[in-house]
Amino acid sequence: MTAEMVAPAWMHTQISAEQYDSWSEEQCAGIEIVDGMVVVSPSASKRHNRLARILANALDAAAGPDWNADTDFDVRLQDVPLTNRRPDVTVYRAETIDVTPTRPEHVLLVVEVVSPGSETTDRIVKVDQYAKAGIPFYWRVEQSATGVPIVYTYVLDPATKAYRDGEVCTGTLKATAPFPVTVELGAL
């Protein structure tokens, strides 16, 4: 059995931004592009999706008219080699709602909900990529054994292009930055 029998050819070669931009939304769903290579993400659990939706709705309501919050779309971190990430929640400038691709300068906050299999990527790899891209805020949501999520917030230090630790919230998320928001997460 060859690699081509297991996965299509485009999964074995680096792709360019131009190639990716020509793909349909269906082809782009469930994947990220890292250093030009396709990375397939397994389907998220219902709990994961619910957490992301609750956070996106609360952030959207709290953000005011200048910012929108939404789930599951590409953020183009770099063009060469192509790196697109699909944060679980992204807060972006409202005026860029029709701009494609979404770029780091459009983004205020990204949120990743850690799932089995994404631990290293969400805790280490994406943190570094988002910081180097200049995204001001990063939140990581850990799903604990008790069912009560823990939210770790991070703030970008522009001088070092690294995140500093922010607030850690369990049950009820009460954040002051990038804008005040309170979300009850303990009842999931």
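Which residue in E12 is the bridge partner of threonine 172? I looked this up in a model that is predicted, and I found that the partner of threonine 172 in E12 is glutamate 184.

**Entry 1: strands E11 and E12**

I then followed the two strands themselves, and I noted that E11 and E12 run antiparallel and are joined by four bridges. Five residues lie between E11 and E12, and the two strands form a hairpin.

**Entry 2: helix H4**

I turned next to helix H4, which covers residues 46-62 and so has 17 residues by the numbering of the run. From its first C-alpha to its last, H4 reaches 24 Å, which is close to the 24 Å expected at 1.5 Å a residue. I listed the buried residues of H4 as His48, Leu51, Ala52, Ile54, Leu55, Ala56, Ala58 and Leu59. I also checked what covers these buried residues of H4, and I found that the cover includes strands E3 (67-70), E6 (89-93), E7 (107-113), E8 (137-142), E11 (172-175) and E12 (181-184). After H4 comes glycine 64, and I recorded that its phi is positive, near 85 degrees.

**Entry 3: the nonpolar cores**

I looked up the largest nonpolar core, which has 27 residues, and I noted that Leu59, Trp139 and Leu173 are those with the most contacts inside it. At least two residues of this core are supplied by each of H4, E3, E6, E7, E8, E11 and E12, and H4 gives the most, with seven residues. I also found a second, separate core of twelve residues, and Val75, Leu77, Val110 and Leu156 are among them.

**Entry 4: glutamate 112**

I then asked what its side chain meets, and I found a polar contact of 3.2 Å with the side chain of lysine 126 and another, of 2.6 Å, with the side chain of tyrosine 130. Leaving aside neighbours within four places in sequence, the residues in contact with glutamate 112 include Arg86, Pro87, Asp88, Asp122, Tyr138, Trp139, Arg140 and Val141. Last, I compared glutamate 112 with isoleucine 15, which is 97 residues apart from it along the chain, and I noted that their C-alpha atoms are separated by 25 Å.

How values were computed. Residues numbered from 1 in each chain as written. Predicted model: local features only at pLDDT ≥ 70, side-chain atom pairs only at ≥ 80, totals over all residues. Heavy atoms only, no water. Expected span 1.5 Å × (residues − 1). Buried < 20%, exposed > 50% of the residue type's maximum accessible area, 1.4 Å probe, protein only. Contact = heavy atoms within 4.5 Å. Polar contact = N/O pair within 3.5 Å; in protein donor to acceptor, adjacent residues only side chain to side chain. Core = buried A, V, L, I, M, F, W, Y, C linked by side-chain atoms within 4.5 Å. Pairing = 2+ DSSP bridges.
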